[in-house]
Amino acid sequence: KNYKYTFVQSFFAMLLLRTCFAVFLLQLFSNESCGTTLTGDTINQNGNINVIHIGWEEGRIPEFSNAYTLHRHEVRLNVIGRSSYAFSNKVEMSSYLPLIITPNIAFKYKFIDKRFFASAIEAGTAVGIFPVALASGLILPGGGMGAGTLGLIHGTDSHLKLYLSFPVSNKLTFSFRGSVSKIHVGYWGGVAVAGAGGNGAFVGLLPISVGMRFIFYSAGFEADYVLNKKNAIVLNTGIGGFEEGKRQLGLATLSWTHAKIHFHYSFGLYGFYDPPTYEMLHESKLPVSAFANVYWIFNNGKTIRKSS
C-alpha cells in the first residue's frame with residue numbers, strides 16, 4: 001500500500017512539473033520582447049538579422065548530446081526530441097513533451113567549461129501508466145467459459161548521465177557520454193473467470209500486483225562539425241543493454257541541421273544495430289532509414305540590433 005501511494009504521488013508530481021513547464025514556456029512566448037540574443041557580427045548594415053547562434057561559431061552545438069547547455073533563459077521547443085529551458089549558462093531543464101502519457105523531466109548541470117574540455121552531469125526520471133483491458137472466451141461441449149483482465153501497466157525510469165566534450169577546433173567537437181538507468185515495470189489489476197455448463201456455473205476474481213526491476217547501461221559518442229554559422233553536421237551513435245545481458249541495442253544517426261532566426265530543421269539517416277550478432281542488420285530489409293525533425297529556439301532577452 002505504501003509503495004502504491006508513493007508511486008501515485010510521484011506520478012502526479014511529475015504531471016504537475018510538466019504542466020508548470022508548459023505554462024512557463026507559453027508565458028515566455030507570449031512576451032513581445034521574445035527574441036534571440038545576438039552578437040554584433042550577426043547584424044548586417046541594414047540592421048537585419050543574418051544569423052542566430054552564439055555557440056555555433058565556436059563549434060559548440062548545445063542542442064545535441066554533449067556537455068553543453070543552452071544559453072541563459074533560452075528555450076528550445078522540439079517536435080521529436082527534448083524541449084529545454086536554461087536557468088543559467090550552466091543549468092538546464094528538459095522534457096520530452098510529445099510523451100503525453102509519460103511525464104518526464106531531467107536536469108543538466110555543466111560543471112566544467114574550459115576551452116578544450118567541458119563536462120556535465122544529468123539526472124532525470126519518467127513515470128508512465130497505461131490502462132489495459134483484455135477478454136477471451138472458449139466454447140466447450142455442454143458449456144463455455146471466459147476470462148478477462150482489467151488493470152494498469154505502470155513503470156518508472158530514473159537515470160544518471162555523464163557528458164565529456166572535447167572541442168578540438170572552432171568547427172569540430174568530440175563528445176562521449178555514459179549513463180545508468182533504474183527501470184521498474186509492473187501491473188496492477190484483476191483477473192475474472194466465469195463459466196457455465198451442465199453441472200452449474202462458477203465465477204472467480206483474482207487481484208494481481210506484480211513487478212520487475214532492471215538496470216540499463218548505455219554509452220555513446222557524438223561528433224559535431226560546424227560548416228558555418230547556419231549549418232552543422234552531427235554524427236551520433238549510442239549503445240546500451242541490461243545487466244547480465246548477452247545482447248545490446250545500438251542506434252546511429254547522421255544529420256544535417258540548418259538554423260534560421262528561431263526555426264531549425266534537420267534531415268538525416270538512422271539505423272539500429274545489435275551486437276554481437278547484428279541480426280537486425282542482416283535480416284532487415286531497410287537497415288538505414290531517413291528522418292526529419294524541426295525545433296525552435298527562443299530567448300526572453302531583447303534582441304540586439306544595430307543602432308541607428
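1. Burial terms first: a residue is buried under 20% relative accessible area, exposed over 50%, and partly exposed in between, with a 1.4 Å probe and protein chains only. By that rule T257 is buried, because its relative accessible area is 0%. T257 sits in strand 10 (residues 249-259); helices (H or I, at least four residues) and strands (E, at least two) are DSSP runs numbered from the N terminus.

2. On the basis of this note: the model is predicted, so local features need pLDDT of at least 70 and side-chain atom pairs count only at pLDDT 80 or more, while totals for chains, interfaces and linings use all residues. Residues are numbered from 1 along each chain as its sequence is written, and side-chain values use heavy atoms, with hydrogens and water left out.

3. Overall make-up. The protein chain has two helices and 12 strands, in the order α-β-β-β-β-β-β-β-β-β-β-β-α-β along the sequence. Of its 308 residues, 38% count as buried. Contact here means heavy atoms within 4.5 Å. Among contacts between residues at least 6 apart in sequence, 58% join residues at least 24 apart. The accessible surface of the chain is about 17,300 Å², and 67% of that belongs to carbon and sulfur atoms; accessible areas come from the Shrake-Rupley method with a 1.4 Å probe, and for residues only the protein chains shown count as cover.

4. Surroundings of T257. Its side chain makes a polar contact with the side chain of S266, at 2.6 Å. A polar contact is a pair of N or O atoms within 3.5 Å; within protein, one must be able to donate a hydrogen and the other to accept it, and residues adjacent in sequence count only if both atoms are side-chain atoms. Leaving aside neighbours within four places in sequence, T257 is in contact with W56, F64, K230, N231, A232, Y265, S266 and Y295.

5. Pairing around strand 12. Two strands pair if DSSP finds at least two bridges between them. Strand 12 (residues 289-299) runs antiparallel to strand 1 (residues 74-78), over five bridges, and N78 stands opposite Y295. Strand 12 is also joined to strand 11 (residues 263-273) by eight bridges, again antiparallel; here Y270 has S289 as its bridge partner.

6. Strand 1 and strand 2 are antiparallel and joined by two bridges, with V75 partnered by Y85. They form a hairpin with four residues between them. Strand 2 pairs with strand 3 (residues 91-95) in the antiparallel sense over four bridges, S83 having S95 as its bridge partner. This pair too is a hairpin with four residues between the strands. Which way do the residues of strand 2 (residues 83-86) point? S83 and Y85 point one way, S84 and A86 the other way, and all are buried.

7. Salt bridges. Side chains of opposite charge can pair when their charged atoms come close. The rule used is a side-chain nitrogen of Lys or Arg within 4 Å of a carboxyl oxygen of Asp or Glu, and the count comes to four. R60 forms a salt bridge with D113, the closest N and O atoms being 3.0 Å apart. R60 is buried at a relative accessible area of 15%, whereas D113 is partly exposed at 35%. R60, K110 and D113 are linked in a network of salt bridges.

8. Two further salt bridges. R76 and E92 meet at 3.9 Å, N to O. R76 lies in strand 1 and E92 in strand 3, 16 residues apart, and both residues are buried. E122 and R82 form another, with the closest N and O atoms 2.8 Å apart. E122 is in strand 5 (residues 118-140) and R82 in the loop between strand 1 and strand 2, so the pair ties together parts that are 40 residues apart in sequence. E122 and R82 are both buried.

9. Nonpolar surface. Y109, F111, I121, L160, L162, V180 and Y217 form a nonpolar patch with about 590 Å² of accessible area together. Patches take residues with over 30% relative accessible area and no salt bridge; like charges are joined within 9 Å, and nonpolar side chains (Val, Leu, Ile, Met, Phe, Trp, Tyr) within 5 Å. Y109, in strand 4, is partly exposed at 38%.
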